[in-house]
There are 2 protein chains.
Amino acid sequence: MLQRQLELPPRHVYPPDEWRLVEREFYPRRMAQFETLFSTSNGYLGIRGAHEEGEPAFQNATLISGFHETWPIAHAEEAYGFAKTGQTLVNAPDAKRMRLYVDDEPFSLRHANLKGYERVLDMRTGILHREILWELASGKLVSIKSRRLVSLEHRHLAALEYEVTVLNADVPVVISSELVYEPHDSLPESADPRVARAFDGRVMHCRLQRSRGPRLVMGYETERSGMTLGCAVDHVISSERQARTETREREDHSRVIISVDVRAGESVRVTKFMSYHSSRTSPADELCERTERTLDRAMTGGFEALCEGQRRFVQAFWERSDIQVRGKPDADISSEVLGSWEQSQQVLRVNLFHILQATARAEGVGVPAKGLTGMGYEGHYFWDTEIYVLPFLIYTEPRIAKNLLQHRFGLLEHARERARELNQKGALFAWRTINGEEASAYYAAGTAQYHINADIVYALRKYVEATGDEAFLYESGAEVLVETARLWRDLGFFSEQRDGRFCIVGVTGPDEYNTVVNNNTFTNLMARENLWFAAQVVERMRTDEHERYESLIHRTGLVESEVDEWRRAADRMFLPYDEDAGIHIQDDHFPFRKPWDFENTPPEKYPLLLHYHPLEIYRHRVIKQADVVLAMFLLGDEFSLEEKRRNFDYYDPLTTGDSSLSVCIQSIMAREVGLDAKARQYLSYAALMDYADIGGNVNDGCHIASMGGTWMAVVHGLSGFRDYDGSFSFAPRVPGDIESVSFRLTLRGCLLAVELSQEQATYSLLEGETLAFRHEGEKVELVAGTPASLPITRRRAAA
Amino acid sequence: MLQRQLELPPRHVYPPDEWRLVEREFYPRRMAQFETLFSTSNGYLGIRGAHEEGEPAFQNATLISGFHETWPIAHAEEAYGFAKTGQTLVNAPDAKRMRLYVDDEPFSLRHANLKGYERVLDMRTGILHREILWELASGKLVSIKSRRLVSLEHRHLAALEYEVTVLNADVPVVISSELVYEPHDSLPESADPRVARAFDGRVMHCRLQRSRGPRLVMGYETERSGMTLGCAVDHVISSERQARTETREREDHSRVIISVDVRAGESVRVTKFMSYHSSRTSPADELCERTERTLDRAMTGGFEALCEGQRRFVQAFWERSDIQVRGKPDADISSEVLGSWEQSQQVLRVNLFHILQATARAEGVGVPAKGLTGMGYEGHYFWDTEIYVLPFLIYTEPRIAKNLLQHRFGLLEHARERARELNQKGALFAWRTINGEEASAYYAAGTAQYHINADIVYALRKYVEATGDEAFLYESGAEVLVETARLWRDLGFFSEQRDGRFCIVGVTGPDEYNTVVNNNTFTNLMARENLWFAAQVVERMRTDEHERYESLIHRTGLVESEVDEWRRAADRMFLPYDEDAGIHIQDDHFPFRKPWDFENTPPEKYPLLLHYHPLEIYRHRVIKQADVVLAMFLLGDEFSLEEKRRNFDYYDPLTTGDSSLSVCIQSIMAREVGLDAKARQYLSYAALMDYADIGGNVNDGCHIASMGGTWMAVVHGLSGFRDYDGSFSFAPRVPGDIESVSFRLTLRGCLLAVELSQEQATYSLLEGETLAFRHEGEKVELVAGTPASLPITRRRAAA
């Protein structure tokens with residue numbers, strides 16, 4: 001049950017379009033939301049979709065993944081082991097800023113008389129366009145066209161083209177192209193814990209500011225974290241008339257002022273190249289040199305070459321990662337929610353495109369909960385990556401999935417340190433972090449979420465099983481397996497009260513409305529997998545991988561008896577189960593809580609966390625997000641279909657969906673247990689999470705996990721794709737309002753195309769020679785060149 | 001089990017003395033601790049036992065109960081309903097400050113060559129004395145004698161006498177008598193959550209500063225809470241030689257400088273009268289006028305009259321409240337712990353004397369956890385007053401008990417407001433507060449302690465039953481009964497999972513090592529009493545007290561069906577019980593926690609809260625303080641003796657006693673279940689909590705609750721005194737090392753003297769005509785003039 005009112009952006013402003021996100025009017029009411037959605041990013045560098053002129057803007061942010069400031073967390077009441085180091089993504093200097101003066105009149109979107117306006121994020125080319133027709137009070141008509149991109153090909157580069165044409169008069173045009181750092185960018189005060197806090201003082205200090213002609217360079221260093229940043233811009237100016245340029249610098253503010261006296265019909269075009277480099281160790285001046293080299297290279301190629309590279313990159317992405325849907329024109333469910341099939345397709349692609357933007361070049365960094373589209377959650381990395389984003393990457397771009405796992409594994413030393421601090425063996429990964437240190441100031445919905453350890457291992461296993469990349473498992477993964485297994489073994493205990501079963505108490509599962517509980521089913525199941533998988537891999541290495549095994553022993557001090565202990569704990573894991581009702585209990589306490597009065601909770605009281613004291617929420621039988629239901633998806637082979645049905649029927653009505661991580665999973669499981677209409681509705685909610693601003697907080701950034709979840713809801717939901725123990729299977733069922741769905745999966749080096757209609761599924765191998773999987777339980781051995789069209793027989797399950 | 005090393009202050013410095021706390025050397029190692037213990041206070045105004053010269057000092061504090069500054073609590077991660085208003089007692093201007101110069105050499109305790117030193121808190125007179133003999137490098141010998149008191153008779157008054165005699169030379173003596181406000185008094189930084197935080201900026205602003213001759217006056221106002229303070233001092237100077245006085249004022253610092261050229265053997269004596277008035281509403285200048293009137297009156301009477309009034313007040317206190325113990329010279333337990341019987345008596349009286357000082361004039365204010373002896377817990381009022389301090393007052397000075405209840409009831413409107421904020425009916429009193437607003441920044445061990453409501457009602461009931469003051473019950477108490485009962489009814493629910501029993505989930509009991517639990521036995525029992533008592537009183541009023549009942553209905557909007565609901569909830573209250581073991585379960589989760597590894601926890605790791613993450617503590621079966629065991633004392637008639645034994649045997653080994661509120665209760669219950677040696681040891685721990693600094697934090701103030709608990713451990717413990725439903729009973733048993741114990745109780749207007757020996761108990765009425773009670777289960781009807789000596793038969797119970 002999702003307690004929300006859907007309100008789509010108005011279609012006359014935001015029309016459906018298969019490949020483009022379009023805005024046809026300057027529309028202040030949705031400005032903050034679309035500033036997020038029009039963000040351009042490559043996963044390292046992100047620029048929010050604020051206008052070039054810098055205002056009006058909700059937040060004019062330029063974000064660099066991992067580039068953060070730290071601060072000591074001041075707890076209102078201190079206690080041992082509370083997180084100490086706050087970490088917040090820093091808003092870097094704004095390089096895209098362009099100010100325009102025609103006839104000495106400043107161009108201001110807010111006040112201008114706009115005779116034309118269109119903004120388009122073209123998802124086929126990866127470029128953000130804007131075209132404006134501005135009429136001055138004097139009747140002069142000015143066309144302003146811009147294109148901008150954050151390069152997917154060149155990690156440290158962005159570029160924009162800003163072209164001004166005066167249509168009906170001879171006038172002086174002045175363009176001020178700027179590089180500006182706003183130390184006190186004003187984050188609005190908010191009591192919402194999901195919003196980033198504003199810093200009190202100055203976050204960065206200027207270490208260097210220089211210019212050479214139209215090239216502006218700035219170097220910064222953060223106050224506390226000591227991270228450094230270089231940023232630079234350079235320009236190419238073209239015009240029929242002579243352009244005069246002048247460079248001005250003051251603190252935090254460098255400008256190139258371009259002045260041209262144009263005649264009617266003539267243009268000034270400024271192409272601006274922008275580069276950012278950040279570091280934990282290199283001095284700012286060295287980074288500035290790197291930015292200049294990046295600029296030199298980019299300018300040699302020119303803007304059009306960049307655009308072409310961008311298009312190729314995006315095209316390659318769509319080739320492996322697109323989902324195509326076609327609806328039936330007369331279907332009713334879709335029209336109710338989305339209006340048209342173009343819009344469904346558009347919204348799906350917006351989801352996928354933003355995952356691309358959040359991950360493509362996230363090399364050596366993580367994926368913040370909001371990608372680089374906003375400051376929400378302060379740019380922290382959570383379990384979102386492993387459970388919601390990695391599936392998409394593992395099955396479409398495993399190379400990127402590996403990068404992200406590698407980055408996570410790089411934080412192992414911090415995780416060991418944190419475990420020591422908590423008096424525990426092994427390693428405990430931070431619930432939320434940028435630099436690896438625990439940054440969760442609220443332990444009940446933070447540190448207590450020990451499942452992060454198992455989530456990471458789960459993703460590793462999925463990656464290895466989908467790719468067959470065992471070298472990565474043995475060389476990078478095994479150490480993480482050992483340390484996480486150690487933590488679980490140390491955390492839990494064999495309880496006399498539970499017949500000697502292994503119990504894990506005082507933890508929080510995914511559902512943050514039930515915290516610090518005993519035997520959270522999700523956690524216990526995932527911990528069991530973690531323990532089993534660690535034991536299995538270590539034992540396999542002991543027999544088959546002597547050298548790597550020796551190295552592992554050396555790095556971890558592992559002794560054989562530990563492995564036996566892991567297995568014993570896993571084998572004897574306690575799982576709370578209600579024998580009478582035949583349902584898995586979310587945790588030991590759950591059934592004993594007070595029923596929540598859903599009937600008398602009006603929609604505006606959701607999400608509950610903003611309207612009720614945590615104690616009141618925790619006291620009640622109410623769920624924020626899929627918990628047992630998520631376990632039923634992730635570890636689907638450990639539940640019978642009947643159990644899944646009963647569990648879903650029990651938990652779904654108690655689930656508010658107050659977390660954006662919920663509806664995608666609810667959709668998949670509703671589909672699996674045969675509740676097709678509900679599955680369809682949840683799918684829409686997932687897909688529309690940001691486009692319809694269901695959570696009401698898209699202004700703070702896209703929900704990247706929900707976007708990954710949307711892909712999962714289509715692929716795992718509609719095609720029934722599962723991957724247990726390295727065996728792939730499909731059990732498709734297409735909703736009644738959909739004519740066809742097609743997508744591609746990368747499995748063990750093969751590229752598999754899947755095309756589903758109401759009646760049949762067609763599988764074909766686009767890369768690779770052979771691939772084995774099951775369709776509706778039957779084995780299929782697919783070979784290159786011979787597509788298999790198989791009937792969908794179970795398409796009318798109990799609804 | 002208490003995991004502590006006892007370290008008594010060295011006897012050669014702090015010798016035993018029945019009536020006096022004595023310090024025979026300037027002893028820096030114990031300075032901070034004895035600065036606390038030498039505090040003088042009347043419950044409204046308190047001056048820490050720092051030396052007159054102002055240094056060296058741990059914290060030179062002057063505290064006025066209720067005079068606080070507020071600040072917005074910044075939560076590291078914000079959530080709905082979290083406490084918003086921090087409140088901290090303000091360190092007022094220091095009026096006792098005296099600086100001494102002889103021969104222009106400043107007197108500094110730290111550096112002086114002391115030929116004699118003694119400091120004495122005389123508990124028979126209520127005066128703090130100091131005598132020092134100082135030898136200057138020149139060989140000149142100076143005697144410095146001072147006496148000081150915070151008047152118990154005059155609430156707003158303190159006074160000191162400072163007498164300097166030069167024994168062997170003619171020299172100039174200069175005494176600078178000061179009134180000084182130190183805006184940035186430096187609280188040491190601490191990660192200990194029990195320590196008050198230092199303010200960042202200036203807390204108070206000077207609104208007025210004036211002088212007239214040797215009278216200095218200052219008026220202040222706090223920055224945020226808007227509270228006002230007037231303080232003033234005046235002087236009487238006497239000397240054989242002419243004294244020259246000069247007054248100097250600068251910001252926050254007023255001085256009278258007294259200069260006398262004395263001859264050998266002559267003295268200068270400065271008598272300083274000090275007055276403080278504080279307010280929430282009156283302007284500072286008005287308060288300053290009040291201080292001057294207080295000074296005028298005091299100076300008319302003079303210092304000796306003040307001392308005499310003080311002595312009378314204290315004597316009256318001891319007459320009703322003293323406990324006298326006599327030990328057997330050859331006993332072994334006492335000597336092990338305390339060394340001698342004088343010391344036991346001394347330590348007991350230190351406990352009682354500090355309760356006197358914390359409560360005597362606490363009119364219209366509460367009793368901070370540390371009284372007015374330090375800044376620990378920021379001067380907040382907790383449940384300590386109702387459960388640990390009020391018993392002493394109810395049975396010795398019921399008038400003061402009533403004042404304190406009245407003050408608590410005055411916060412009812414805040415409690416209603418807090419309940420509304422938490423979406424609940426009725427009223428919820430703040431867990432910690434000064435002004436009535438919840439100030440607990442850590443809800444798990446704060447707001448979740450709903451039992452505060454029932455604790456207040458419990459104290460009210462005890463007061464009414466001990467005094468027979470039913471008018472107070474009907475006129476002031478009834479409204480609180482209604483609103484607290486409403487809260488309980490609304491908080492809990494009839495659970496299908498528990499056979500329709502009434503469950504209270506998601507709360508924290510007294511034991512702060514098990515938080516946010518379901519069905520905490522203590523809470524459920526106390527809530528049941530609250531509900532029953534509320535129903536009973538309302539029904540009695542309905543039939544017998546029409547007018548008061550109408551008024552109650554008018555004030556609360558009570559409807560009759562509510563009362564039936566309270567009774568139904570109470571009658572069906574769920575109490576977790578282990579049928580097999582025959583023990584009450586502390587809460588639903590407790591048995592399922594992981595056993596704590598006591599064996600491998602070294603003493604220095606206690607208190608656990610300073611060394612382990614809350615999650616780790618909460619995960620384990622480990623207890624901070626008596627919880628079920630406390631319920632067994634407070635509601636002793638609801639447990640069988642066998643249950644008490646089994647419960648005690650189960651819980652005692654799991655109890656760390658990390659809270660100072662624990663050992664006193666453990667002592668009483670150990671005694672009741674026949675574990676005499678253990679009871680005796682816990683009694684020593686309770687009595688020595690501050691004198692031996694068992695908690696290691698006496699520097700932040702006395703543990704007033706533990707002091708009250710010490711009285712309880714003697715009276716309820718040794719005499720077995722109980723008061724259930726208004727029936728008094730005794731079941732004395734005197735430990736083997738004690739020859740006799742005697743004390744007095746005020747019961748229903750009678751003053752009862754109780755004298756216990758190993759063999760018999762003697763009861764006599766000192767005031768009142770008749771009193772009925774039970775001795776060892778037998779009815780006794782005591783009449784004035786006829787003491788009853790009754791044998792103690794059960795003195796050899798199973799140990």
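A salt bridge here is a side-chain nitrogen of Lys or Arg within 4 Å of a carboxyl oxygen of Asp or Glu. By that rule, chain A and chain B share two salt bridges. You're looking at a predicted model, where local features need pLDDT of at least 70 and side-chain atom pairs count only at pLDDT 80 or more, while totals for chains, interfaces and linings use all residues. Residues are numbered from 1 along each chain as its sequence is written, chains are lettered from A in the order in which they are written, and side-chain values use heavy atoms, with hydrogens and water left out.

**Stop 1: between the chains**

Select A:Glu77 and B:Arg432: their side chains form a salt bridge at 3.9 Å, N to O. Helix H10 (470-491), strand S24 (594-595) and helix H14 (614-619) of chain A each give at least two residues to the side that touches chain B. H14(A) has the largest share, with five residues.

Zoom out to see 53 residues of chain A in contact with 53 residues of chain B, contact meaning heavy atoms within 4.5 Å. The two chains bury about 4700 Å² between them, 55% of it on carbon and sulfur atoms; that is the accessible area (1.4 Å probe) that two parts lose on being put together, summed over both.

**Stop 2: helix H12 of chain B**

Select residues 546-556 of chain B. B:Tyr549, B:Leu552 and B:Thr556 are buried here, meaning under 20% relative accessible area; exposed means over 50% and partly exposed lies in between (1.4 Å probe, protein chains only).

What do the buried residues of H12(B) pack against? Show helices H8 (412-421), H10 (470-491), H11 (521-544) and H13 (560-571) of chain B. Just after H12(B), click B:Gly557, which has a positive phi of about 65°.

**Stop 3: B:Ser729**

Is B:Ser729 buried or partly exposed? At 21% relative accessibility, B:Ser729 counts as partly exposed. Leaving out residues up to four places away in sequence, B:Ser729 touches B:Gly720, B:Phe721, B:Arg722 and B:Arg774.

Note on methods
Helix = DSSP H or I, 4+ residues; strand = E, 2+ residues; numbered from the N terminus.
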